[in-house]
Amino acid sequence: MTNATIMILPGDGVGPEVTAQALNVLRAVEERFGRTFTIRSRLVGLDAIEAEGTAISDDTFEECAQSDAILFGAVGSLPAGERRSGGPRPEQALFRLRKEFGFFANLRPIRPSESMYGASSLKPEHLKGTDMVFVRELSAGLYYGHMESIPGKPSEIRHTGRDTEAVDTLLYTEAEIERVVRAAFEIAAGRRGKVTSVDKANVLSSSVLWRRVVDRVAREHPAVAYEHMLVDTCAMRLVRTPADFDVVVTENLFGDILTDEASMLTGSIGMLPSASLGVRRTQGGMFGLYEPVHGSAPDIAGRNEANPIGAILSAALLLRHSLGLGKEAGAVEEAVEEVVRAGYRTVDVHESGATVVGTQEMGRRVVDAL
Ligand code: ATP
Ligand code: MG
């Protein structure tokens, strides 16, 4: 797409350090591919609370709404001593963005680099060829189901009426299932063309509905192969035959658990990107928020030690899913792979024989490779 506007929200802790490197990579993409992006940056989290009295101001929020995609760093939590009940909290920035933009699909690609198989808990022969994308439903399911219909809903534990019982409701509508499943099939069509839909249809009626919707959406994509898999089977196959998966789509809670399991195939949280897709269409795809999987890591902030690869690969996802720039995204991913293959590592993924570099040098090397 032309004239894309990208909003950068660096946030707290290592957020500014890693998003600075992702921004350099986006600038390098402009240069190499002859693109121009309008890039803005605003405060969120602790600094925004200090400067503007709120974790994300209305103006910042409005500018996000005008952009094609958001590149997010991380927001921290207040030090225990500074927490006041009712006062603004940094996490509210992300909550507000999630809520108001209605992000319904969370994407997490898992592709361990061959040169880093040593960092994984699996053996190289099991990992070979592993390259999958998780699509987790993010807006419904057990996390939100049916709360208001419970009479006199207590604020913390939802009771059945007896206070020796608690209840959660796993509610899905067809429309909620359909939009996330459709996103998964579209992503698979641009990859190896296979969808694994994960459910518990032998037990849960929401899963029976889920299967029915998947079967229907699949008919719109005859070129994409698909299968249904029970969540317990999927948990086993992820560590036995991870290379068999291409795109995995599943409901909220199963996705929460399975993405954490799958992330361990790569061995490091600092390497992993994520995307949250919203309902609004952009010229090149869908509006989205892109962020590394890791948090603000206050223990290493300000030391030029944080691994910027999760943030850089998040920028690649942004190019692909919100801007429709698949070739550019692939070039960024290939540049990261080249630097890792050449043996450069930040300290979190350091192995013997590798060359340890800081946040900035890692970013510079990716830009050079590009
Ligand atoms: P938050 O409260 O923002 O979630 P956290 O410390 O609870 O912060 P993470 O930021 O995810 O959670 O950090 C977990 C651990 O992983 C920390 O020890 C941190 O130093 C390390 N870590 C996280 N991100 C990176 C990174 N990009 N590079 C290197 N180490 C990282
Ligand atoms: Mg954390």
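View 1. Ala297 sits in the loop between E10 and helix H10 (309-321); helices (H or I, at least four residues) and strands (E, at least two) are DSSP runs, numbered from the N terminus. This is a predicted model, where local features need pLDDT of at least 70, side-chain atom pairs count only at pLDDT 80 or more, and totals for chains, interfaces and linings use all residues. Residues are numbered from 1 along each chain as its sequence is written, while chains are lettered from A and ligands numbered from 1 in the order in which they are written. Ala297 isn't a glycine, yet it has a positive phi of about 40°. Ala297 counts as buried because it has 23 C-beta neighbours inside 10 Å. (Buried takes 20 or more other C-beta atoms within 10 Å of a residue's own, exposed 12 or fewer, and partly exposed is in between; C-beta atoms are placed from the backbone.) Asn304 is also in the loop between E10 and H10, and its phi, near 55°, is again positive in a residue other than glycine. Asn304, with 14 C-beta neighbours inside 10 Å, counts as partly exposed.

View 2. The unreviewed entry gives Arg98, Arg108, Arg136 and Asp232; UniProt positions are in the numbering used here, feature names are shortened, and annotations may be inferred rather than shown by experiment. They are spread over 135 residues of sequence and also in space, up to 29.0 Å between C-alpha atoms. Arg108 is part of strand E4 (residues 105-110) and is buried, with 22 C-beta neighbours inside 10 Å. Neighbours within four places in sequence aside, Arg108 is in contact (C-beta atoms, placed from the backbone, within 7 Å) with Phe134, Thr259, Leu272, Ser274 and Val293. Arg136 belongs to strand E5 (residues 132-137) and is buried too, with 27 C-beta neighbours inside 10 Å. Leaving out neighbours within four places in sequence, the contacts of Arg136 are Asn106, Thr250, Asn252, Gly255, Asp256 and Thr259.

**View 3. Helix H4 and what covers it.** Ala93, Leu94, Leu97 and Phe101 are the buried residues of helix H4 (residues 92-101). Looking down the axis of H4, they fall within an arc of 95°, so they line one face of the helix; the arc is that of the directions from the helix axis to the C-beta atoms. Their cover includes helix H2 (46-52), helix H3 (58-66), strand E9 (273-282) and strand E10 (285-292). Just after H4 comes Gly102, with a positive phi of about 60°.

**View 4. Arg182 in helix H6.** Helix H6 (residues 174-189) holds Arg182, which is partly exposed, with 17 other C-beta atoms within 10 Å. Val214 is 32 residues away from Arg182 along the chain, but their C-alpha atoms are separated by 8.4 Å.

Conventions: Contact = placed C-beta atoms within 7 Å.
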